[in-house]
Amino acid sequence: QVQLVESGGGLVPAGGSLRLSCAASGRTFSNYLMGWFRQAPGKEREFVAAINWGAGNTVYTNSVKGRFTISRDNAKNTVYLQMNSLKPEDTAVYYCAARTLTNSRYEYWGQGTQVTVSS
């Protein structure tokens with residue numbers, strides 16, 4: 001059974017940094033795409049970043065390019081989202097998700113972690 005557990009959220013002033021972690025378990029993820037999504041109050045969930053666990057290729061939404069970095073640690077089976085130069089509009093619940101490379105839909109989701117950026 002796949003489990004994704006996020007951690008690392010919190011309250012940070014604008015311009016600050018946070019690193020989110022997503023501990024993945026239940027199978028080998030070398031053929032998986034791992035993604036980070038976020039949902040702000042009153043808004044739809046949006047894609048933030050993703051990484052091909054096996055190849056290491058990454059993709060970002062435009063609003064976070066140059067500020068956020070997604071990475072993975074094979075030994076710890078963990079995916080990270082390093083967030084720098086945070087802005088109040090980054091405030092949201094951040095979710096980790098996983099899907100196989102052949103699936104168009106993310107199959108597995110974590111419970112989410114709150115990120116609040118104060119102005």
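**Salt bridges and burial**

Asp-90 and Arg-38 are both buried. The model is a predicted one, and its salt bridges number three. Through shared partners, these contacts join Arg-38, Glu-46, Arg-67 and Asp-90 into one network.

Asp-90 with Arg-38
- A salt bridge connects Asp-90 to Arg-38, with the closest N and O atoms 2.9 Å apart.
- This pair links distant parts of the chain, since Arg-38 sits in strand E4 (residues 32-39) and Asp-90 in the loop between strand E8 (78-83) and strand E9 (92-100), 52 residues apart.
- Asp-90 has a relative accessible area of 1% and therefore counts as buried, the limit being under 20%.

Asp-90 with Arg-67
- Asp-90 also forms a salt bridge with Arg-67, at 2.8 Å from N to O.

Arg-38 with Glu-46
- The side chains of Arg-38 and Glu-46 form a salt bridge at 2.6 Å, N to O.
- Arg-38 has a relative accessibility of 5% and is therefore buried.
- Glu-46, at a relative accessible area of 34%, is partly exposed, because this value falls between the 20% and 50% limits.

Methods
Residues are numbered from 1 along each chain as its sequence is written. This is a predicted model: local features need pLDDT of at least 70, side-chain atom pairs count only at pLDDT 80 or more; totals for chains, interfaces and linings use all residues. Side-chain values use heavy atoms; hydrogens and water are left out. A salt bridge is a side-chain nitrogen of Lys or Arg within 4 Å of a carboxyl oxygen of Asp or Glu. Buried means under 20% relative accessible area, exposed over 50%, partly exposed in between (1.4 Å probe, protein chains only). Helices (H or I, at least four residues) and strands (E, at least two) are DSSP runs, numbered from the N terminus.
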